[in-house]
Amino acid sequence: SGAILIYLAEKSGKFYNEKNRTEINQWLMAQMGYIGPMLGQHHQFHHYNPGKSNFAEDRYFKISKRIYSELDERLSKSKYLSGDDYTIADIATFPWIARHEWHDIGLKNFKNLRRWYKGISCRESVKKGFKFMNQDEIVPKP
């Protein structure tokens, strides 16, 4: 959860710098209230239960594609979601994009989002986290 990430970041003094905390919070809340819930609905109707509701499949596919576009646009202006530093906003958002094959949107079509994804997926701590979750590697590679 966002609250846990804020707590851990404040305790550790990492990934939540003072100078752009407002922007970090903005992107963290975007993940908590928009990116995660909408991609989660897309997973539900497109990946886990396809064919049950054409309306829901179409709706959440379109929203998910818009999310990819919005993230790509943002990442055309900065290395990470809230600027030049890797933060808890990136940590919260990355796992949703790590399921890009489930989305059938085509990460390859979003060069800035793909760059961000590739950069984060190469971090040793991210690889270690996915291995801990019994996944040999980040699923899937771009």
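In this predicted model, Leu71 touches Trp27, Ile35, Leu81, Thr93, Ile97 and Leu113, when residues up to four places away in sequence are not counted. Leu71 is also one of the residues that touch the most other members of the largest nonpolar core, a group that comprises Tyr68, Leu71, Ile88, Phe94, Ile97, Leu113 and Trp116 within a core of 35 residues. The elements contributing two or more residues to this core are helix 1 (2-12), helix 2, helix 3, helix 4 (88-97), helix 6 (111-121) and helix 7 (124-132), and the greatest contribution comes from helix 3, with 7 residues. In soluble globular proteins, nonpolar side chains tend to be buried together.

Helix 3 was examined next through its packing against helix 2. Helix 2 (residues 21-48) and helix 3 (residues 54-75) pack with their axes 8 Å apart and at an angle of about 150°, which makes helix 2 roughly antiparallel to helix 3, since angles over 145 degrees count as such. The crossing of these two helices, helix 2 and helix 3, is left-handed. On the side of helix 2 the contact is made by Glu23, Trp27, Tyr34, Ile35, Met38, Leu39, Gln41, His42, Phe45 and His46, and on the side of helix 3 by Ala56, Glu57, Tyr60, Phe61, Ile63, Ser64, Arg66, Ile67, Tyr68, Glu70, Leu71 and Arg74. The residues of this contact divide into 13 nonpolar, 4 polar and 5 charged.

A second contact of helix 3 is formed with helix 6, where the two axes come within 7 Å and cross at roughly 80°; helix 3 and helix 6 are therefore roughly perpendicular to each other. Here Tyr68, Leu71, Asp72 and Leu75 of helix 3 meet Lys111, Asn112, Leu113, Arg115 and Trp116 of helix 6, and the residues of the contact divide into 5 nonpolar, 1 polar and 3 charged.

The buried residues are Ile88, Ala89, Asp90, Ala92, Thr93, Phe94 and Ile97, and what covers them includes helix 1, helix 2, helix 3, helix 5, helix 6 and helix 7. Phe94, which is found in helix 4, is buried with a relative accessible area of 3%. The C-alpha atoms of Phe94 and Lys52 are separated by 28 Å, the two residues being 42 residues apart along the chain.

The loops between the helices were then inspected. Thr87, in the loop between helix 3 and helix 4, counts as buried at 1% relative accessibility, and, residues up to four places away in sequence not being counted, Thr87 touches Phe15, Ile24 and Ser82. Phe15 lies in the loop between helix 1 and helix 2 and counts as partly exposed at 34% relative accessibility. Asn17 also lies in the loop between helix 1 and helix 2, and with a relative accessible area of 23% Asn17 is partly exposed. Leaving aside neighbours within four places in sequence, Asn17 is in contact with Ile24 and Asp85. The C-alpha atoms of Asn17 and Ile88 are separated by 9.9 Å, although these residues are 71 residues apart along the chain.

Most residues other than glycine have a negative phi. Phe15, although not a glycine, has a positive phi of about 65°, and phi of Asp104, likewise a residue other than glycine, is positive and near 55°. Asp104 lies in the loop between helix 5 (100-103) and helix 6.

Methods:
Residues numbered from 1 in each chain as written. Predicted model: local features only at pLDDT ≥ 70, side-chain atom pairs only at ≥ 80, totals over all residues. Heavy atoms only, no water. Axes fitted to C-alpha atoms, helices over the stretch in contact; angles between N-to-C directions. Helix = DSSP H or I, 4+ residues; strand = E, 2+ residues; numbered from the N terminus. Parallel < 35°, antiparallel > 145°, perpendicular 65-115°, else oblique. Left-handed = near helix turned anticlockwise from the far one by under 90°. Contact = heavy atoms within 4.5 Å. Nonpolar A, V, L, I, M, F, W, Y, C, P; charged D, E, K, R; others polar. Core = buried A, V, L, I, M, F, W, Y, C linked by side-chain atoms within 4.5 Å. Buried < 20%, exposed > 50% of the residue type's maximum accessible area, 1.4 Å probe, protein only.
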